[in-house]
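This report describes selected features of a predicted model. The sequence and the structure are shown below for reference.

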Amino acid sequence: MQMQIKIQRWLFSLLIIGALFVGGCGSSPQANSTPTPNPVSGESISLTPPPSPSNAVAVSSQFSNLPRLEGKATVVMMVKGAPITIEVDGTNAPITAGNFVDLVQKGVYDGLVFHRVVREPQPFVVQGGDPQGKDPKFPTARLGTGGFIDPKTSSERRIPLEIKAKGAPSPTYSKTLEQAGIDQKPVLMHTRGAVAMARSQSPDSASSQFYFTLTDVPFLDGSYAVFGYVKEGMDVVDKIEAGDRIEKATVTQGLENFKPGS
């Protein structure tokens, strides 16, 4: 029976992990590849020593000009006339959280559609944030392929994969925790109500697309960047259907912790 449960989890993860992937926008073959991670049950906690500073992968200088959130902030997202309150954690994910707050401030999420909702064969995620979804005439089949085009550079802004392991002094960048050889669980885990960034196969390919987790999804821990949690309005998230839109997203607290970058 236990072996059957493990096999079911493995098959389920293979079926749904692609829902977190941003479709390829360019000619890179890697952008369109399909991930096959090894899912974990998440039932046990590693007792290995916390990673030392030498284990952490430092953020590249190419990302030094990105927005940052040095502390926490609150974002209220209106969907179907009801609020979803998100606590954005810049303490443990400063670049990922800063990118999200910056896009909220710029109004990027206002009017965008939730293009992918996965509830079968069991609850998984609600994903949105593709700027192309603001155009109601944009083909539905192509949603999930876009990111935020920075007017300063006229190109897509991408942020590094950023995951802070428990006990680490700083996040690991541009690698999953497994790739970095870190056995500890992340500080920000994929529990129900987590808010995290969708990306393509390349670790440093997240832009504006994000997802809400509808249940605990431990096999994503250490591979995708969680940057906050739904504090109120999870009942609203549970009712989101594909095609529903974000009416308005607003930073209501913590804007003093935001650094816009250069």
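Leaving aside residues up to four places away in sequence, methionine 77 is in contact with Ala82, Pro83, Ile84, Ile86, Phe100, Phe114, Phe210, Phe212, Ile246, Lys248 and Ala249. The largest nonpolar core has 56 residues, and those touching the most other members are Met77, Ile84, Phe100, Phe210 and Phe212. Helix α2 gives the most to this core, with 6 residues.

A second core of 8 residues is separate and includes Ile163, Ala168, Ile182 and Ala225. In soluble globular proteins, nonpolar side chains tend to be buried together.

## Helix α2

Helix α2 comprises 12 residues, 94–105. From the first C-alpha to the last, α2 reaches 16 Å, close to the 16 Å expected at 1.5 Å a residue. Because 11 of its 12 residues are buried, α2 is largely enclosed by the rest of the structure. Among these buried residues are Pro94, Asn99, Phe100, Asp102 and Val104. Glycine 107 follows α2 and has a positive phi, near 75 degrees.

## The open sheet

Eight strands form an open sheet with antiparallel pairing, in the order β4-β5-β11-β10-β12-β3-β2-β13. At the edges stand β4 (114–118) and β13 (246–253); each has a single partner strand, so one side of each is left without a neighbour in the sheet. On average, neighbouring strands of this sheet are turned by 25 degrees against each other, direction ignored.

Strands β2 (residues 72–79) and β3 (residues 82–89) run antiparallel and are joined by 8 bridges. Alanine 73 lies opposite valine 88 in β3.

Technical notes. Residues numbered from 1 in each chain as written. Predicted model: local features only at pLDDT ≥ 70, side-chain atom pairs only at ≥ 80, totals over all residues. Heavy atoms only, no water. Helix = DSSP H or I, 4+ residues; strand = E, 2+ residues; numbered from the N terminus. Expected span 1.5 Å × (residues − 1). Buried < 20%, exposed > 50% of the residue type's maximum accessible area, 1.4 Å probe, protein only. Pairing = 2+ DSSP bridges. Axes fitted to C-alpha atoms, helices over the stretch in contact; angles between N-to-C directions. Core = buried A, V, L, I, M, F, W, Y, C linked by side-chain atoms within 4.5 Å. Contact = heavy atoms within 4.5 Å.
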